[in-house]
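Here is a quick walk through one model, with the cut-offs spelled out as they come up. Have the viewer open while you read.

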Amino acid sequence: MSVISEDNVRGGSVFKDISADDDDWQPTEIESLCMYCYKNGTTRLLLTRIPFFKEIIVSSFSCDNCSWSNTEIQSAGRIQEQGVCYTLRVKTKQDLNREVVKADSATTRIPELDFEIPPFTQKGSLSTIEGLLDRAVAGLEQDQAVRRATNPEVAEKIDAFIQKLRKLKEMDDEFTLVIEDPSGNSFVENPDAPQKDEALTVSTFKRSLQQDMQLGIKTEDDLEEEEEEKPSNDLDAMRNEVLMFDTNCPECNAPASTNMKLVQIPHFKEVIIMATNCDSCGHRTNEVKSGGGTEELGTKITLHITDPSDMTRDVLKSETCAILIPELEFELGMAALGGKFTTLEGLLKDIKDLIVSKNPFICGDSSSTDRVQKLKEFGEKLEKIMAGEMDVHVILDDPAGNSYLQNVYAPDPDPEMTVEKYTRSTEQNEDLGLNDMKTEGYQEDD
């Protein structure tokens, strides 16, 4: 299939929200070269928008001459600030039906079989876990006929491995699926939303220089320029100045500006607040980064909501903070909402938007009546909490100790709020990258 640039596609088509009930979809048809028979075939392009995955291009190629066909997806949105890693423990056959968005930059691994699909060896796909296994089997079987004739021993070993992959679908034993995507544009469904999925672990990571170069974000010249630049260490100047730098809108990708300011929060610490405002589409967002390092102890803040005025309390939620509402059996893991500086009401609204309003698996043919009803009831309960009609506790659990909830009685203790300091577990230190960090005596190992 011939190469088609995304800029040309954007110029003649419009992105639409994905919906199985929409009969007005008109794909763009382009005549392109078939790479099997070298005659002309037809490529159909459909531009869609999926929440959590931004904009994508669904393409389908078919050749009437040799009957070759192919489908794939490409991300039309921007590369995320951090990479993402999904680790799923597949226990039942129902887990094989989980929806998966796999970008072409993602690495897929099954540790039990020592099996890995390297990045950029497959095109992006919107499928299920079972579909990923079928695609891997089809890729291994592709040249088996030639191998059996030229190298029978290798072909026999590959046949044995294919049987192991097929056996995974029978679910005689549990296995682990890992999808690591440095672009941050892959996704694995949580069927238990809004509750926490005990079988699924989601973590973010900072890309390496090699990954940035693979994604085309940086070149060797860019790395040399970064080393030559010397950042300013004048904190007094930063406290009195609002820094501004150019960026792109995360919604429409139009040029926008981001403001950054170092702020001192009373009775807490310094934080960095970044706000982006897009003049093209009106999208506004803010993000909070801790101005200091990881605290020696983790912090657990519990607030008993007794009055609607509690919704006006200021909240600083760091990227490492989890949110729990025990009365609703609800837990939102770290990094789900990113860092935020808002009010308690604003935080609950963001949770509702994330789980109910922007959930891609409650519309179209991927939805189920039970799931839609469950999420609808959860959204109604959040509305009651914001209206002060439910007696609940909101817990901010931050192992890094960089989150904050306003004490309206300060400097006196708040009778409805408790702040606990605790020692982090080994697993929490591992999530924060502290177990392998050595700050003293590291030169002795040389």
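## Salt bridges

The structure holds 16 salt bridges, where a salt bridge is a side-chain nitrogen of Lys or Arg within 4 Å of a carboxyl oxygen of Asp or Glu. Keep in mind that this is a predicted model: local features need pLDDT of at least 70, side-chain atom pairs count only at pLDDT 80 or more, and totals for chains, interfaces and linings use all residues. Residues are numbered from 1 along each chain as its sequence is written, and side-chain values use heavy atoms, with hydrogens and water left out.

Asp310 and Arg313 pair up through their side chains at 3.2 Å, N to O. Buried means under 20% relative accessible area, exposed over 50%, and partly exposed in between (1.4 Å probe, protein chains only). Asp310 is buried at 7%, and Arg313 is buried at 2%.

Helices (H or I, at least four residues) and strands (E, at least two) are DSSP runs, numbered from the N terminus. Within helix α8 (residues 344–357), Glu345 and Lys349 are four residues apart, which means about one helical turn separates them. Their side chains meet in a salt bridge at 3.8 Å, N to O. Glu345 is partly exposed at 29%, and Lys349 is partly exposed at 43%.

Glu383 forms a salt bridge with Lys352, with the closest N and O atoms 2.4 Å apart. Because Glu383 sits in helix α9 and Lys352 in helix α8, this pair ties together parts 31 residues apart in sequence.

## Aromatic pairs

There are four aromatic pairs; the rule is that rings of Phe, Tyr and Trp (its six-membered ring) pair if their centres lie within 6.5 Å, with planes under 30 degrees apart counted as stacked, over 60 as edge-to-face and the rest as tilted. One of them is Phe115 with Phe161: centres 5.5 Å apart and planes at 40°, so the pair is tilted. Phe115 is in strand β9 (residues 115–117) and Phe161 in helix α4 (residues 152–168), 46 residues apart. Both Phe115 and Phe161 are buried.

Phe330 and Phe378 are tilted too, because their planes are at 40°, with ring centres 5.1 Å apart. Phe330 lies in strand β21 (residues 330–332) and Phe378 in helix α9 (residues 369–386), so parts 48 residues apart in sequence are tied together. Phe330 and Phe378 are buried.

## Arg98 in its loop

Where is Arg98 placed? Arg98 is in the loop between β6 (83–90) and β7 (99–102), and is buried at 4% relative accessible area. Its side chain reaches the backbone oxygen of Glu189 at 3.0 Å.

Technical notes. A polar contact is a pair of N or O atoms within 3.5 Å; within protein, one must be able to donate a hydrogen and the other to accept it, and residues adjacent in sequence count only if both atoms are side-chain atoms.
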